[in-house]
Amino acid sequence: MTVDHEREQTGREELEKFVASRVSAIQNEYLSSGGERKPNAARKLALLRRAVSQAPGENPDEWSILFEGMPECLVGKGPDPSPGELAAHTAITLYAVHQQSQGVPMHCPGRDYNLGTSVRRFVNLAKADGLDLMNGELPVRFAALVTAESFSETQHYLRQLIHQLKGKSIPLDYALLAGQLYDLQFPQKADGVRLSWGRGFARSIPGQAQQAESDQGK
């Protein structure tokens, strides 16, 4: 393993820990055991949502949430955001969009909440509503994300997908997403991220489509 590879691996691990801690803290504050939303956490989410289409650090309201406590290995040294700052900013602000007005957690850790798997859940739920999306809008949009040629394109298509997942209250692992967005910025790792998303989308989710059909009949 080269020094650069070791540094990138350490950066991803530190990033995922940071985003998991930051998002979990906001989520726990936002949701009480009874689903009551707390004003201070709601304000944080609103501030983050306003920064979702901006560059890291462009909105001062985001500074303490994004930069306070960020591991030194992720902090940029020059005038442009570092890969870690870009990935953290994108994941945390997208989480804020996703969690808005939801009474259940939209950040859920684990392989079952990989982006591709969550998109598959959306397709299965749409089928239960009588809408076959396999050749429709969502897979095309997902394909556009997977084939995006720049990080700004990736952010654009992710925002669209998150709005659709939000509509069905389908969660994501935002720490995992942050790590994937970090790796996506390194050409030698980008294909591995796309492969992970594709594998997740292709996975069958036992009982999920049937459960959706059952829920629709209630």
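**Exercise 1.** In this predicted model, work out which residues of α5 meet which residues of α9, and how the two helices are arranged.

*Solution.* Start with the contact itself. On the α5 side you'll find Leu115, Gly116, Thr117, Val119, Arg120 and Val123, and their partners in α9 are Trp197, Gly200, Phe201 and Ala202.

Now for the geometry. As for handedness, α5 passes α9 in a right-handed crossing.

**Exercise 2.** Compare the span of α4 with the expected one, then find how many of its residues are buried.

*Solution.* Helix α4 takes in residues 83-99, which makes 17 residues. From first C-alpha to last it reaches 24 Å, close to the 24 Å expected at 1.5 Å a residue. Then check the burial: 16 of the 17 residues are buried, leaving α4 mostly covered.

**Exercise 3.** Look at the positive phi values of Ser101 and Ser169, neither of them a glycine. Where does each serine lie, and is it exposed or partly exposed?

*Solution.* Take Ser101 to begin with. Its phi is about 65°, and it sits in the loop between α4 and α5. With a relative accessible area of 54%, Ser101 is exposed.

Then turn to Ser169, where phi is about 55°. Ser169 lies in the loop between α7 (151-167) and α8 (174-184). Its relative accessible area is 33%, so Ser169 is partly exposed.

Terms used:
Residues numbered from 1 in each chain as written. Predicted model: local features only at pLDDT ≥ 70, side-chain atom pairs only at ≥ 80, totals over all residues. Heavy atoms only, no water. Left-handed = near helix turned anticlockwise from the far one by under 90°. Helix = DSSP H or I, 4+ residues; strand = E, 2+ residues; numbered from the N terminus. Contact = heavy atoms within 4.5 Å. Expected span 1.5 Å × (residues − 1). Buried < 20%, exposed > 50% of the residue type's maximum accessible area, 1.4 Å probe, protein only.
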